[in-house]
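I opened my notebook for a friendly look around this one. Here is what I looked up, entry by entry.

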Amino acid sequence: MISVSNVTMRYGSKVLFEDVSVTFTPGRRYGLTGPNGAGKSTFMKILTGELEPQKGSVVRPRKLGILRQDQFAFDAYRVIDTVIMGNGPLWKALEERDRIYEKAELTDEDGMRLGELEGIVGDEDGYTAESDAAVLLQGLDIPDELHERKMSELQGGQKVRVLLAQALFGKPQALMLDEPTNHLDLESIHWLREFLNGFQGTVITISHDRHFLNGVTTHTADIDYQTIITYTGGYDDMVVAKTQIRSQLESQNEQREKKVAQLNEFIARFAAGTRSTQVTSRKKEVERLQSAELSRSNIQRPFIKFDQIRPSGKHTLEFEGIAKSYGDQVVIKGFSGSVMRGEKVCLMGRNGVGKTTMLKSILAGVPGEADKEFTLDAGTVKWGHEAQIGYFPQDVSGIIQPGMTVSDWLHQWDPRVTREEIRGLLGQMLFSGEEGLKPTKALSGGETARLLFCRLMLLKPNILILDEPTNHLDLESINALNIALQRYEGTVFLVTHDQDLLEEVGTRLWNFEHGNLEDHKGPYEEWLDKK
């Protein structure tokens, strides 16, 4: 069991949560939700002991399994060693023991220290560590021939399985997962979901994948109103229950504000009169009401709406014999087809199979959007009449030049637009007030993504090409994007591993599998039935 008592975290004047008490029960799987900046990762670090709360206490089991978010942190290590690192005290003891044994001559102190280290290794089951780690890896479908390889040689889905083995090493009583589906393809997400549903201990996970949360969690711990409220059920169940609680809390806030206004009006009217006792008592009442700050929801919903200046021609895109290889690896071979206006094409398949390559292929030759270093091996691409393309690349780092404000960067794409219109557009994407003057170099990943959506809304293209646009978005923003793409009347090419987007947006699928590209003219659900 994990128990949190009266925990408070503030950063300056910003309160993340205050006097939070919550218990996470064995056998339950909790989704930790809340918008970007609400404090999810901070609270997770408090639970794992990486961060001390400013106030309050945490009781946790002796063994916690922590799924690391950074898939590249262990690239220099062997797979088997990466797993053993899940037991920190054991790994440190093994490393120190190896350093001592490497010495040319051992001192008496070295001998005594070796005795201490051997005791730690024995207590932590270190003599069977490699075989225990190998059993875990085999159970997670990592074959023996990969155990001695470096982590850098593994694919993304394999790395996550190794890191999950690391989290499970030492038989933890609870698993803590921060964004476990990041950079995973759909097949790996499905595998992880099934694995977690069979785990017997406590699971606490942060995720911006609504479908994953609904498929895994039995309870939802939501950070809002400067506290954490636990709901029964997955994300969608929480949204329904929270709507009722939110209306109650906001009604209480409204009543409090109304009461303060009435008291202040009385004080202003009679402060100089004969009713000084009543004025004094009302001042104390105002102080009492205002001393406890009004708890407000930190949920912010962006408003995304994609318009077109004018529609494209009926035949949006035609391509013939597209082929692309990287060395001996054939990614696309002789793919031909056409796309009509209004179609919404979802590109799906495992990581590294060619989805981004396909987008680069159809963008080849498009001024301002083509990758200058990318060339097709064969094939022709022809965009239709009046085609205007808006592109959202997978890697958003470095795409927004530094040395500008957010407002100036956006304004450069259409200088004819007024500053008021720019402010309104930024406000829709949660850059309110002075945030429009924020320097571009200070933007987070989520802010960069939201600013790129502002650019697409400003330019009003009739074709959207989006390569994993949800990577840095919170659940509220992903839901807003989902609705905007459903309502958009133009043509869409979308790479995503988000199952809700696949199901609710796509009208056509390009599925990449085993070097082949399947073109399914119909929705995802129909494709699943056919499979």
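I started with D141, which sits in the loop between α5 (129-139) and α6 (156-168); helices here are DSSP runs of H or I with at least four residues, numbered from the N terminus. This is a predicted model, where local features need pLDDT of at least 70, side-chain atom pairs count only at pLDDT 80 or more, and totals for chains, interfaces and linings use all residues. Residues are numbered from 1 along each chain as its sequence is written, and side-chain values use heavy atoms, leaving out hydrogens and water.

Backbone entry. D141 is not a glycine, yet I found a positive phi of about 65° there. D141 is exposed at 58% relative accessibility (exposed is over 50%, buried under 20%, partly exposed in between, with a 1.4 Å probe and protein chains only). L430, also not a glycine, has a positive phi of about 75°. L430 lies in the loop between α13 (419-428) and α14 (445-459), and is buried at 17%.

Charge entry. Which residues gather in a patch of negative charge on the surface? I noted E503, E525, E526 and D529 (patch residues have over 30% relative accessible area and no salt bridge, with like charges joined within 9 Å; a salt bridge is a side-chain nitrogen of Lys or Arg within 4 Å of a carboxyl oxygen of Asp or Glu). Helix α17 (residues 524-530) gives the most, with three residues. E525 is in helix α17 and is exposed at 54%.

Cysteine entry. I looked for disulfides (cysteine sulfur pairs within 2.5 Å) and the count was zero. C346 is buried at 0% relative accessibility, and C454 is buried at 0% too.

Methods:
Patch = residues over 30% accessible without salt bridge, like charges linked within 9 Å, V, L, I, M, F, W, Y side chains within 5 Å. Areas by Shrake-Rupley, 256 points an atom, 1.4 Å probe, with all protein chains shown as cover. Lys, Arg positive; Asp, Glu negative; His and termini not counted. Charge placed at Lys NZ, Arg CZ, Asp CG, Glu CD. Helix = DSSP H or I, 4+ residues; strand = E, 2+ residues; numbered from the N terminus.
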